[in-house]
Every structure is written in C-alpha cells, then in structure tokens.
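Reader: I am new to this structure. Please show me how to read it, one feature at a time.

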Amino acid sequence: MNYSEFRKNAHSLVDWMADYLEKKEIHSVSPKVSPGEIAQKLPDHAPEHPENFEDIFKDFEKVILPGMTHWQHPKFFGYFPANNSAPSILAEMLMATLGAQCMSWLTSPAATELETKVTEWLRKSMGLLPEWTGVIQDTASTATLCALLTAREKYTQFSVNDRGIFPSSPLRVYCSTEAHSSVDKAVKISGLGISNLVKIPVNADFSMNTQALKQAIQEDIEQGYIPMAVVSALGTTGSCALDSIEDIGKICAEFSVWHHIDAAYAGTALLLPECSDLIRGQEMADSFVFNPHKWMFTNFDCSIMFIKDPSALINTFAINPEYLKTSHDEEVRNYRDWGIQLGRRFRALKLWFVIRTYGVSGIRAKLRNHLQLAKKVKNWMERHENIEIIAPNELNVICFRYVDKYMKLEQLNILNAAWMKAVNDTGEAFFTHTKLNETYVIRWVIAQTDVEERHLQEAWQLLMDKLNELKDRDSS
Ligand code: PLP
C-alpha cells in the first residue's frame with residue numbers, strides 16, 4: 001500500500017468509523033455465533049500473495065464484524081465498560097501513525113513530558129494529595145503486579161530481585177473475598193505463592209471486614225509470617241463495593257504494610273468533588289490504580305498508577321544496559337524503569353485529547369449523568385415487588401435479581417440465569433452476572449459513553465418482557 005492508497009483508504013475508513021459510531025445501535029450488542037464459526041471462515045494459511053485493501057476490508061465486514069461484541073453500544077451493560085470516545089480514537093490514530101516507542105525520555109521527549117503533565121492534571125482534578133506521582137501502565141492488572149513487586153522488594157530483608165525467593169516466601173498479601181482476580185494473578189506470578197494470599201471476609205455490603213483484616217495480620221505475625229501488602233478494592237468487580245480506605249490504611253500503618261488501592265473502575269468517580277470521601281485515608285496508602293479505559297472515555301488500554309515513593313518502584317524495575325543509557329538519564333524520567341515493559345505506547349496522547357476535548361467539567365457532567373441515570377433505574381426496581389437490589393451502593397453498578405418467596409435459592413438462581421440469557425439472546429442489550437453469597441445476580445453497569453435514559457427504558461422493558469415470557473412458560 002503506497003501512501004496515496006493509504007490516504008484514500010484512510011479517508012474511507014474514517015467515514016466508516018464515523019458511521020459506525022453514529023449508528024452503533026443498529027448492531028446486535030453481542031454476536032450470534034458459535035465457537036469456531038469465525039475461524040472456519042478464515043483460511044488455514046497466510047496468503048502467499050499480496051491482497052488489496054478492498055478485499056481485506058470486505059472480509060472485515062463480512063467475517064469479523066459479525067463476530068464482534070459491540071462494547072461501545074449504549075446498551076452494553078456488562079462487565080465494566082471499555083469506553084472510547086471520538087477524541088480518544090483520533091489520538092489512537094495519531095499514536096499509530098507516529099509509531100513511537102516511549103520507553104525513555106530520549107526516545108520521545110514529548111511523550112514522557114506529556115505523561116508527567118496529564119497524570120499530574122488528573123491527580124489534581126481527582127483531589128489526590130501532592131505526595132502522589134502518576135505513571136501510565138497498560139492495565140490495572142499490571143499496576144497491581146507492579147505494586148506487589150515493589151512491596152516485595154521493600155519488605156524482604158534481602159533483595160528478591162538479586163537473590164530470588166528461597167526457600168519459600170513467608171510474605172503475606174491480604175485482600176477481600178470480593179477483590180478482583182488480578183490480585184490472585186499478581187500474587188501467583190510474583191512468586192509469593194497463592195497460599196500466601198489471605199482472603200478476608202466481607203461485610204453485608206461486600207466491603208472488606210477490617211476487623212477480620214487486623215485479626216488475620218496479627219495471627220500471621222504470631223505465626224512468623226511477614227504481612228507485606230493489603231490490596232483494597234475501591235469498587236469491587238462484582239458489586240462495586242467500596243472498601244474503607246481509611247480503616248485499611250490505619251491497619252497498614254500500624255503494621256507497616258504496603259497499601260495498594262485497586263480503584264480500576266470506580267476511581268474515576270474521584271473526579272467528582274462530592275465523591276472525595278471515597279478516598280479518605282489516602283495519606284496512609286502507598287499506591288493506587290484506576291483505569292481511564294473503563295469509565296473515562298479513553299480507549300483501552302490506559303491505566304494510571306499513582307505511587308507515593310516512585311524511587312521504590314524504580315528500585316524494583318530499573319535496568320540500565322549500555323544501549324539504553326543516555327546523557328540525560330540523571331535529569332529526566334525514563335518511564336521504562338517505572339514498570340515491567342520496556343517498550344511503551346504513547347498513551348498520554350489520548351488522555352490529553354480526551355481531557356482537553358471534554359474539559360474536566362465535561363467529564364464530570366457525563367459521570368454525574370451516569371449516577372443520575374443509575375438512580376432512576378434503582379427507582380424502577382424498588383417499585384417492582386419481585387425485583388431485589390443486592391449490595392446497593394452510591395455509584396452506577398446495580399446488582400439485581402428476580403425474587404419469589406415461594407422459590408428456593410437454587411431455583412431462583414436458575415431462573416435469573418435463564419432471564420439474563422433470554423435478554424442477551426435478543427442482541428438488543430447485554431448484561432453479565434456474578435454470584436454474591438451464592439446468590440445469582442445480574443449486573444447493570446450504567447456508564448456507557450453515549451448511554452441515554454431511552455436506552456435504559458428500552459432495556460428495562462426488554463427485561464420485563466423476557467421475565468413475563470419466562471414466568472408464562474413456567475406456569476403453563
Ligand atoms: N480491578 C478491578 C476492580 C476490575 O474490575 C478489573 C477489571 O475489570 C481489574 C482490576 C483488571 O483490569 P485490567 O483489565 O485493566 O487489568
């Protein structure tokens with residue numbers, strides 16, 4: 001493809017992209033395909049000869065697109081969203097065009113300096129203390145792993161980086177039973193041993209029971225373990241439960257334990273001054289992660305890690321082979337030393353585009369709208385005698401189920417699973433589930449970039465229709 005063909009193809013792609021974004025609602029939210037169906041339509045071998053763009057694009061529309069889940073559809077209510085937005089997409093296009101490796105200051109000074117600037121903008125806008133320093137990681141999973149590796153290096157008598165962990169690690173990590181699986185993964189791959197991840201029970205609202213945390217730490221110390229880190233959840237994946245950052249912080253301070261806050265989804269709420277209480281106790285935390293790629297309209301991937309002591313992070317990750325040394329190393333940030341990967345994408349650019357396009361006030365308005373819309377949906381549910389909201393919280397994740405006092409938990413679980421499947425099978429909306437205390441609940445996350453009240457009304461109507469159909473079927 002020469003550059004004049006590139007220009008022509010890019011123009012037609014941008015038209016396609018704008019049409020897609022404008023009319024994304026015409027697609028079925030989830031694809032109607034069976035496992036293996038897409039692969040069957042693809043050739044077994046790479047093409048030997050060049051193919052033209054028109055043919056590749058035709059196959060994209062014919063083979064690939066029908067197999068896609070439309071995450072940007074305003075009625076995609078599952079998991080947590082992976083929101084994009086027009087400015088973020090444009091920045092991604094520029095990033096891809098520049099194709100820069102932003103590992104060191106010298107490899108793209110603007111990328112490094114913009115990263116420092118936008119993370120600092122966000123720190124201030126989110127009401128985080130000046131003691132925090134930001135760095136962009138690819139995902140929250142990586143940030144949590146980085147936090148635990150840094151804590152591991154700090155809390156071992158000798159350097160694990162130098163000598164390895166042997167014979168076995170007495171270091172312990174704590175999180176609630178509702179914490180995200182990325183904590184388990186980080187503990188596993190950091191060599192601490194999954195048996196050293198202590199899962200702390202939760203309260204009725206699914207936040208960590210901090211008395212149980214304290215007790216677990218005390219018992220571990222008595223038994224010779226070294227409590228290393230607590231990962232608190234500011235917005236669990238299941239129900240968006242909010243651990244008490246302050247209470248956990250006090251315990252961590254008392255026992256000199258690293259406190260990492262996983263705010264992957266709900267952290268964005270800190271942009272709202274009225275949500276600042278969520279982070280009360282931040283002065284006692286060591287690291288914090290949130291994902292603009294979830295609820296801040298920034299294309300996947302973009303995760304911001306704030307850390308109090310960047311030198312501990314750098315001490316854990318810095319490697320300085322001759323071929324990477326530069327004459328500026330003493331006076332600049334080389335973000336390659338702030339995490340696992342060497343090569344780094346220019347993620348700050350899309351944040352810059354998003355923040356400038358919406359303005360902080362524009363982002364806040366969108367977040368407030370989501371919270372308002374969630375309140376409306378909760379209100380509809382509260383007025384329905386057979387709908388129960390489980391784990392109510394002040395944000396925009398609603399866990400609900402159908403209830404019937406004559407049905408046992410197991411029957412209800414089966415019915416609610418069938419209900420969600422019936423809704424999802426229509427392709428008109430998409431929900432995902434979890435289990436809270438063995439109770440099957442449907443999660444409704446109201447955070448799409450373009451979600452409006454009419455989408456929620458349509459989804460609610462669909463839920464009610466499918467529920468009635470199921471009940472009619474069961475009673476006949
Ligand atoms: N933490 C929480 C609370 C999450 O909900 C998720 C993903 O949904 C993650 C961490 C992992 O996020 P990522 O995909 O950025 O690694």
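Reader: Which residue in strand 6 is the bridge partner of His-260?

Author: Ser-287 is the bridge partner of His-260. Keep in mind that this is a predicted model.

Reader: How far can I trust the model?

Author: Start with the confidence scores. Where pLDDT is low, the predicted coordinates should not be read in detail. Here the protein averages a pLDDT of 95. A score of at least 70 is reached by 99% of the residues. The model has an ipTM of 0.98 and a pTM of 0.96.

Reader: Back to the strands. In which sense do strand 4 and strand 5 pair, parallel or antiparallel?

Author: They pair in the parallel sense. Strand 4 covers residues 226-233, and five bridges link it to strand 5.

Reader: Is strand 5 buried or exposed?

Author: Check each residue, then each face. Strand 5 spans residues 258-262, and five of its five residues are buried. Trp-258, His-260 and Asp-262 lie on one side. His-259 and Ile-261 lie on the other. Both faces are covered.

Reader: Which residues of strand 6 lie on each side?

Author: Ser-287 and Val-289 are on one side, Phe-288 and Phe-290 on the other. Strand 6 runs over residues 287-290, and these four names are all buried.

Reader: What is the sense of pairing between strand 6 and strand 7?

Author: Antiparallel, over four bridges. Strand 7 is made of residues 303-307. Follow two of the pairs. Phe-288 stands opposite Phe-306, and Ser-287 stands opposite Ile-307. Ser-287 is also the partner of His-260.

Reader: How many residues of strand 7 are buried?

Author: Five of its five. Ser-303, Met-305 and Ile-307 point one way. Ile-304 and Phe-306 point the other way.

Reader: How many bridges join strand 1 to strand 7?

Author: Five, and the two strands run antiparallel. Strand 1 holds residues 133-137. In this pairing, Ile-136 stands opposite Ile-304.

Reader: Where is Asp-309?

Author: Asp-309 sits in the loop between strand 7 and helix 12, which covers 310-317.

Reader: Why does Asp-309 count as partly exposed?

Author: Count the neighbours. Asp-309 is partly exposed because it has 15 C-beta neighbours inside 10 Å. A buried residue needs 20 or more, and an exposed one has 12 or fewer. Glu-131 is 178 residues away along the chain, yet the C-alpha atoms of Asp-309 and Glu-131 are separated by 8.3 Å.

Reader: Which residues come nearest to the ligand?

Author: Thr-139, Ser-141, His-180, Thr-237 and Ala-264 do, out of 14 residues around the ligand. Then sort the shell by class. It has five nonpolar, eight polar and one charged residues.

Reader: What are the domains?

Author: The domain assignment gives domain 1 as 1-30 + 69-84 + 360-476 and domain 2 as 100-345. Their centres, taken over C-alpha atoms, are separated by 30 Å. In the contact between them, 19 residues of domain 1 meet 23 residues of domain 2.

Reader: Which element gives the largest share of the side of domain 1 that touches domain 2?

Author: Helix 13, with five residues. By class, that side of domain 1 has twelve nonpolar, five polar and two charged residues.

Methods
Residues are numbered from 1 along each chain as its sequence is written. This is a predicted model: local features need pLDDT of at least 70, side-chain atom pairs count only at pLDDT 80 or more; totals for chains, interfaces and linings use all residues. A residue is near a molecule or strand if its C-beta atom, placed from the backbone, lies within 6 Å of it. Ala, Val, Leu, Ile, Met, Phe, Trp, Tyr, Cys and Pro count as nonpolar, Asp, Glu, Lys and Arg as charged, and the others, Gly among them, as polar. pLDDT is the predictor's confidence in each residue, from 0 to 100. Domain bounds come from an automatic or database domain assignment. Two residues are in contact if their C-beta atoms, placed from the backbone, lie within 7 Å. Two strands pair if DSSP finds at least two bridges between them.
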